[in-house]
Amino acid sequence: MTPFGAKLRDMRRKRGITLKEMAATLQVSSAYLSALEHGKRGRPTWFMVQRIITFFNVIWDEAEELQRLAEVSDPRITVDTAGLEPEATELANLLAAKVGGLSKESLNHLIHQLRVVASKDGV
């Protein structure tokens, strides 16, 4: 499941909206929405995110969160380390090999650490 998919499912459940009801209103198939929630579809388009924001009638903070989550919800990413330091290639390969076995706690720890060092390096 992607971060966007988890948020979408959470919002839908809290409001008591079925997948079928939401799909009908957005004029997409239930299968598409289910795949979007479960990370079986790629990152949603900007237009689809806007339609979902409108569907839920959310305000600034929640709308911005949905947009941010959509940006980091591509379940099939490619990391190009050509021309970078050897350590960048090692990091990308280690992450690809190990990410599936990490606990939620470990994943959150790594996300936090990466954000800290990226900020330190001005990235």
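Helix α3 spans residues 30-38, and its buried residues are Tyr-32, Leu-33, Ala-35, Leu-36 and Glu-37; buried means under 20% relative accessible area, exposed over 50%, and partly exposed in between (1.4 Å probe, protein chains only). Helices (H or I, at least four residues) and strands (E, at least two) are DSSP runs, numbered from the N terminus. The cover over the buried residues of α3 includes α1, α2 (19-26) and α4 (46-56). Gly-39 follows α3 and has a positive phi, near 75°.

The model is predicted: local features need pLDDT of at least 70, side-chain atom pairs count only at pLDDT 80 or more, and totals for chains, interfaces and linings use all residues. Residues are numbered from 1 along each chain as its sequence is written, and side-chain values use heavy atoms, with hydrogens and water left out.

In the chain as a whole, the secondary structure comes to seven helices and zero strands, and the order of elements from the N terminus is α-α-α-α-α-α-α. The C-alpha atoms fill a box of roughly 50 × 30 × 30 Å, taken along the principal axes. Of the 123 residues in the chain, 28% are buried. Contact is defined as heavy atoms within 4.5 Å. Among contacts between residues at least 6 apart in sequence, 62% join residues at least 24 apart. The accessible surface comes to about 8,900 Å², and carbon and sulfur atoms account for 56% of that area; accessible areas come from the Shrake-Rupley method with a 1.4 Å probe, and for residues only the protein chains shown count as cover.

Two residues of helix α1 were examined. Arg-9 is placed in α1 (residues 3-14) and counts as buried, at 19% relative accessibility. Its side chain makes a polar contact with the side chain of His-38, at 3.1 Å. A polar contact is a pair of N or O atoms within 3.5 Å; within protein, one must be able to donate a hydrogen and the other to accept it, and residues adjacent in sequence count only if both atoms are side-chain atoms. With residues up to four places away in sequence not counted, Arg-9 touches Met-1, Glu-37 and His-38. Lys-7 also lies in helix α1 and is buried as well, at 16% relative accessibility.

Rings of Phe, Tyr and Trp (its six-membered ring) pair if their centres lie within 6.5 Å; planes under 30 degrees apart count as stacked, over 60 as edge-to-face and the rest as tilted. This rule gives one aromatic pair. The ring centres of Phe-55 and Phe-56 are 5.0 Å apart and the planes stand at 80°, so the pair is edge-to-face. Phe-55 is partly exposed, at 22% relative accessibility, whereas Phe-56 is buried, at 6%.

Helix α7 covers residues 104-120 and includes Leu-110, which is partly exposed with a relative accessible area of 42%. The C-alpha atoms of Leu-110 and Gly-42 are separated by 23 Å, and the two residues are 68 residues apart along the chain. Leu-114 is also found in α7 and is exposed, with a relative accessible area of 53%. Together with Val-116 and Val-117, Leu-114 forms a nonpolar surface patch with about 250 Å² of accessible area. Patches are made of residues with over 30% relative accessible area and no salt bridge, with like charges joined within 9 Å and nonpolar side chains (Val, Leu, Ile, Met, Phe, Trp, Tyr) within 5 Å; a salt bridge is a side-chain nitrogen of Lys or Arg within 4 Å of a carboxyl oxygen of Asp or Glu.
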